[in-house]
Amino acid sequence: MKTIFTLLILSCITLGIGILAPTMQTEPRLNINNGDYTEIMNILFPEEFKTSSFSILQGITHMWNTDSKGIASLIFAFSIIFPVFKILALWIASLNLCESKCPGKTLNLVEKLGKFSMIDVFVISVLIVTIKGLPGGSQIHGDWGLYVFAFSVLLSMIAGFLLTKKATKLETQTN
Amino acid sequence: MKKILSLSVPIGLILCGAGATSLLLPQPKETTSEQLTETDKNNLDKDATYYIFVSEIEVFNKALDDDNDEDDWDDDDDAPDLFYKINYQGKTVFESPKRDNTFIGNWRGITLPVALKDLSTVIKGDININVDFEQIVNAARVKGNSDITIMMYDHDTLTPTDIVGKIPLSLSELNEGTNIMTNNKRTENNGWKTIEIKVIKREGSVKDFLLPLLREMNNEK
């Protein structure tokens with residue numbers, strides 16, 4: 001059980017980091033008449049052409065403030081609410097298992113939620129791919145926050161898998 | 001009840017991770033309302049450094065001098081060869097290149113050391129140049145509380161250079177951006193019609209430089 005709790009604790013911490021760490025990096029570029037003027041613009045106008053990073057929360061806030069409330073709500077649900085809810089469900093299931101109680105309903109819920117695992121990372125990746133080609137050749141890349149966030153989802157997936165295994169074992173012993 | 005309370009552990013851990021990240025990551029500078037008011041007022045900051053250059057000078061079609069050539073600017077019936085100087089504390093701090101045979105002289109505040117169409121070659125590394133922004137700015141650098149004089153001339157090769165006009169200015173009278181002054185009546189000392197003076201904060205926005213540059217890039221194929 002120690003392994004499951006360790007995984008859940010690490011998943012919680014990395015989720016917190018992943019939500020606020022830079023997830024997307026915008027790189028302004030200037031391509032006119034098949035010529036790339038980015039480097040010269042970097043020298044001439046460093047302020048305007050500097051690379052900037054956004055966290056998941058900053059991205060959601062920005063979208064909400066720029067009248068993209070639908071997409072903001074979708075990303076908020078899949079990137080913040082869903083992973084937090086999944087970890088809380090796994091935590092309760094683990095506590096039940098500690099008391100040698102079969103997690104039953106909670107584990108069913110976790111299994112259902114498991115089907116949507118990584119969908120949050122997928123949503124961000126789709127977002128990056130969608131807005132990758134900006135006018136003037138500007139680009140968007142995934143930043144280290146995205147990997148921390150994906151790592152958190154991965155840890156919770158492993159915790160869920162181990163938990164299901166333990167619960168099945170307990171159920172077999174009980175029967 | 002115990003289980004519900006125990007949920008505070010994962011929630012607390014998520015908050016700890018988020019809190020630590022927000023503490024450790026550098027925060028973006030926020031513009032205060034005080035700073036915005038200062039910008040909106042458009043008054044120059046006396047301690048800041050500004051780039052000043054003249055983007056356009058239009059002159060009357062008659063010269064100021066009286067050398068029996070029917071008031072023409074040049075002896076060969078050509079239009080004047082315009083240039084200007086910016087003087088500060090009695091010394092010339094900037095002199096523009098001359099614009100030949102024109103009643104309207106235009107200058108840009110920036111010069112690239114290569115032709116715009118060759119920029120892509122430079123970037124690819126085929127031609128190596130070192131671009132220092134300060135060296136390619138064609139403007140005077142002065143503090144926000146300075147008094148300057150803009151001297152306008154018609155360059156003559158054989159005869160002495162004619163003075164077109166002289167404008168003593170205090171920077172506190174100018175705004176950041178474009179300042180247009182007009183002279184409706186040709187007088188003994190002033191043969192200029194309009195003058196467009198650009199003031200750009202050294203650490204501020206450089207869009208005044210960027211836009212003419214981009215326009216030129218779009219025109220040159």
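Apart from neighbours within four places in sequence, Asp143(A) is in contact (heavy atoms within 4.5 Å) with Pro22(A), Thr23(A), Met24(A), Gln25(A) and Ser53(A). This residue of the predicted model is placed in the loop between β5 (139-142) and α7 (144-174) of chain A. Asp143(A) counts as buried because its relative accessibility is 13%, where buried means under 20% relative accessible area, exposed over 50% and partly exposed in between, with a 1.4 Å probe and protein chains only. Helices (H or I, at least four residues) and strands (E, at least two) are DSSP runs, numbered from the N terminus.

In chain A, 3 strands form an open antiparallel sheet in the order β4-β1-β5. Its edge strands, β4 (52-55) and β5 of chain A, each pair on one side only. On average, neighbouring strands of this sheet are turned by 25 degrees against each other, direction ignored. Two strands pair if DSSP finds at least two bridges between them; β1 (residues 22-27) of chain A and β5(A) have 4 bridges in the antiparallel sense. Thr26(A) stands opposite Ile140(A) in β5(A).

Two helices lie across strands of chain A, as tabulated here.

| Helix | Lies across | Angle |
|---|---|---|
| α3 (residues 56-65) of chain A | β1 and β4 of chain A | about 90 degrees to β4(A) |
| α7(A) | β1 and β5 of chain A | about 150 degrees to β1(A) |

Axes are lines fitted to C-alpha atoms, for helices over the stretch in contact, and angles run from 0 to 180 degrees between N-to-C directions.

Residues are numbered from 1 along each chain as its sequence is written, and chains are lettered from A and ligands numbered from 1 in the order in which they are written. In this predicted model, local features need pLDDT of at least 70, side-chain atom pairs count only at pLDDT 80 or more, and totals for chains, interfaces and linings use all residues, while side-chain values use heavy atoms, with hydrogens and water left out.
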